Amino acid sequence: MTTPPLFKRIALLGIGLIGSSVARIARERADIAGEIVANARTQATLDRVMELGFADRVELDPARAVAGADCVMLCAPVGAYEALAQTIAPYLDPGCIITDVGSTKQSVIRDVTPHVPAGVHFVPAHPLAGTEYSGPDAGFTTLFQGRWTLLTPLPGTDPGAVEKISELWRRCGSMVEAMEPAHHDRVLAIVSHLPHLIAFTICGTAEGLEEESRAQVLKFAASGFRDFTRIAASDPVMWRDIFLNNREALLEMLQRFTEDAQAMARAVRWGDPAYIEHRIQQGRAIRRSLIELKQA
Ligand code: NAP
């Protein structure tokens, strides 16, 4: 017997790397949604979505995209969520679940919750999976396989709605855990947002070198710089929005990092091999733990 789909119709507002990966999975397995509707900011993206063939229907107007949907997933950059939530609110059916995939959670709750109509459920979520590529061509069906998705539901949220979104992510191949929104933002600040800030900054530092040294940086990039450039290739709008919407936690982690970097600088300046070696050992231990947890 085939499992019935979790949702009659899912509307994906934003159909880039994350939205199109969800759509591709929903297309491949019939137990997520009976119908897949995609929305983007531009018609060019929607034309491409139709060519790629993972949506049943595309709609340029978010209001038309959500009409009749029992699941609406916000998959645009987090800075766009408030306007989107305001636009779609009058067109949501009672019982519909709004969820999202945004990389910050306190800001998303702040921006979306005031617009959620009575009888509509809101379950914020964040799949911890991604690549440096964006747009509808970038998605793939195994993106969430073995990765975590964090849900940050507010107290009092309908448990049935939370369970349906958990099940959606499990069917996408993800492991699911609930977390407090503020805790989510602190954890993500250190595991994702700060590393991106450092990658963008180090590439900027290299760019600022005099021409001759810059040419050598590119030529000999394999020495370590290359790994930063992969992260730094990520979408500027998405990352601008993340930095501005997780400001406090990101600045706190940056402050801690700066203090630790200063301590390392002092050890290098005064020739403290024990300190330097200890710090490098800590890095190696973290890498080993990641490999053991299959998150490397
Ligand atoms: P993406 O590939 O750049 O796609 C973004 C999509 O949102 C596009 O379809 C775009 O439409 C649409 N969009 C952009 N601005 C919009 C606006 N103002 N109103 C409505 N739609 C708009 O982005 P992504 O990587 O999938 O990221 C989407 C969300 O997932 C973000 O909130 C991000 O924080 C979160 N996330 C990303 C990753 C990652 O590694 N990439 C991982 C986890 C979570 P057009 O193509 O027409 O411009």
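These legends go with a set of close-up views of one predicted model.

The model is predicted, so to speak of local features we need pLDDT of at least 70, side-chain atom pairs count only at pLDDT 80 or more, and totals for chains, interfaces and linings use all residues. Residues are numbered from 1 along each chain as its sequence is written, and side-chain values use heavy atoms, with hydrogens and water left out.

**View 1**
Helices (H or I, at least four residues) and strands (E, at least two) are DSSP runs, numbered from the N terminus. Along the principal axes, the C-alpha atoms fill a box of roughly 65 × 40 × 40 Å. Of the 296 residues, 43% count as buried; buried means under 20% relative accessible area, exposed over 50%, and partly exposed in between (1.4 Å probe, protein chains only).

**View 1. The largest nonpolar core, with 61 residues.**
Such a core is a set of buried Ala, Val, Leu, Ile, Met, Phe, Trp, Tyr and Cys residues joined through side-chain atoms within 4.5 Å. Val-72, Leu-168 and Trp-169 have the most contacts inside this one. Helix 1 (residues 17–28) gives the core its largest share, 6 residues. Apart from this core lies another, of 9 residues, including Leu-197, Trp-239, Ile-242 and Leu-250. In soluble globular proteins, nonpolar side chains tend to be buried together.

**View 2. Leu-168 and the residues it touches.**
Not counting residues up to four places away in sequence, Leu-168 touches Leu-6, Phe-7, Ile-10, Ile-32, Cys-71 and Met-73. Contact here means heavy atoms within 4.5 Å.

Ser-166 counts as buried, at 7% relative accessibility. Its contacts, leaving aside neighbours within four places in sequence, are Leu-151 and Val-176. Ala-161 is buried too, with a relative accessible area of 1%. With residues up to four places away in sequence not counted, Ala-161 touches Ile-97, His-121 and Val-123.

**View 3. Ser-134, in the loop between strand 7 (125–127) and strand 8 (148–151).**
Ser-134 is partly exposed, with a relative accessible area of 48%. Its contacts, leaving aside neighbours within four places in sequence, are Leu-17 and Asp-235. Ser-134 and Asp-235 are 101 residues apart along the chain, yet their C-alpha atoms are separated by 6.7 Å.

**View 4. Lys-294, in the segment after helix 12 (273–292).**
Lys-294 is not a glycine, but it has a positive phi of about 60°. Most residues other than glycine have a negative phi. With a relative accessible area of 69%, Lys-294 is exposed.
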